[in-house]
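Thanks, everyone. I'll keep this brief.

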Amino acid sequence: MNKIVYFLFFIALGTVATAQTKMSSKEADVLKNKVKVTANKTQSISSDFTQYKHLDFLSNDIESTGKLSFKAPNTVKWEYIKPFAYSVLFKGETLYINNEGDKSNVDIGSNKLFKELNTLIAASIKGDMFNDEYFTITYFKKDKNSEVHFAPKDPKLSEFIKAFHITFTSNGDVLEVKMVEPSNDYTQIIFSNREVNKVIPDAVFAQ
Amino acid sequence: MRYLLSSICLLVMVSCASYPKKNGFAESNISVSQVYNPYFSNATKDYVYKADLQFYKKKLSGIIIIKKIADKEHRLVFTTEMGNKILDFSFYKNDFKVNHILEDMNKKIILNVLERDFTTLVKEFNVSTQTYTKEHIQVKEAEVLNKNHFYFYENIGLTKIIREDKGKEKVVYHFLNIEDAAAKRILIEHKNIKLKIQLKRI
């Protein structure tokens, strides 16, 4: 009986090990360059997304779906469609909010944290957050994909976010962004129908 | 003179009358009874609401999640739509704990208001010391955090809770669109400060 338990244990361990192993520094460099090249060529992104909010004490994750639109260098619109209509648009120095038709805006020019957040969101959409000055970065292989963990060094930011986990396809495109909180609760965003460098009508970024 | 005295007496008596009496409710002969709030009572359910807070001209929106954990705790978390945690509270039978709150909101005055509002909102059982009736409405008087509260029960269930002070409404909790012991909309309205919390079930 014990043998079976050990056997199962090792099988389980083996599965975990093949699912996610640390990259060599050479492999990490290859990925980093691939993502950077892709990110630099990215003028626009439009994508659908599904968001899962995981709180440990809940029976089910809270699911919402919407659309992401990005235009270089850092205009970003997150639009939630279901189960509520809510959008945030980072454009220039302003954050425009549309809460079920109720519009408001926030001047982020003077707010350093908001500014950093915007840069971070734009960077995470493209996956280009490879900045050792701001993050402690660890690279993993995950089946055919890669997963990179970015742990913020800034104590102000690490109060909210323990780490960003970004999953890249073999082409260096972002498949998934997971923001892990210090409590280990997380927000997971999975992208689908991602279109890069397709012209996005200006109306999408109008508020 | 006698007339003046008696009218003063009458005035004092009227202003001292409790909130239900002032509003035409009659004291019933039920004294001690149980108060039950069914809206967050199922431990297998996640109660998820889109939340809109308005404090004077300031607006804050997000998601409020309430979960009953076993029989000893109600957990309440408020996040932005994008998932960032704004606050995370635990309510126990006679205790309240802040698990997390954004630094900007970590002020005693804010915490006090939120603790009171949400304790009343999630408190499942309480003891009523007096019951009042008017037509088909039954009102039960009970204390929450040492403040007087009136629970309004109609045919469909609990429709309203009023926190009262010196015979005046301080906070009104409206439970709306009630279906299968669930309130699809909840409105918490403060009467002495301009604070309104609207919850819409998602």
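How many residues does the contact take from chain B, and how many from chain A? The answer is 19 residues from chain B and 19 residues from chain A. One caution before we go on: this is a predicted model.

Let's stay with the side of chain B that touches chain A. Three elements of chain B give two or more residues to that side. They are β3, residues 47-55, then β4, residues 58-69, and β5, residues 73-79. Which of them gives the most? It is β4(B), with six residues. Seven of its residues are nonpolar, five are polar and seven are charged.

Next, chain B as a whole. Its secondary structure is three helices and 14 strands. Along the principal axes, its C-alpha atoms fill a box of roughly 65 × 35 × 30 Å. Chain B has 202 residues, and 30% of them are buried. Now take the contacts in chain B between residues at least 6 apart in sequence. Of these, 41% join residues at least 24 apart.

Over to chain A. Here we have four helices and 12 strands. Chain A has 207 residues, of which 26% count as buried. Look at its contacts with a separation of 6 or more: 45% of them come from residues 24 or more positions apart.

Technical notes: Residues are numbered from 1 along each chain as its sequence is written. Chains are lettered from A and ligands numbered from 1 in the order in which they are written. This is a predicted model: local features need pLDDT of at least 70, side-chain atom pairs count only at pLDDT 80 or more; totals for chains, interfaces and linings use all residues. A residue is buried if 20 or more other C-beta atoms lie within 10 Å of its own, exposed if 12 or fewer, and partly exposed in between; C-beta atoms are placed from the backbone. Two residues are in contact if their C-beta atoms, placed from the backbone, lie within 7 Å. Ala, Val, Leu, Ile, Met, Phe, Trp, Tyr, Cys and Pro count as nonpolar, Asp, Glu, Lys and Arg as charged, and the others, Gly among them, as polar.
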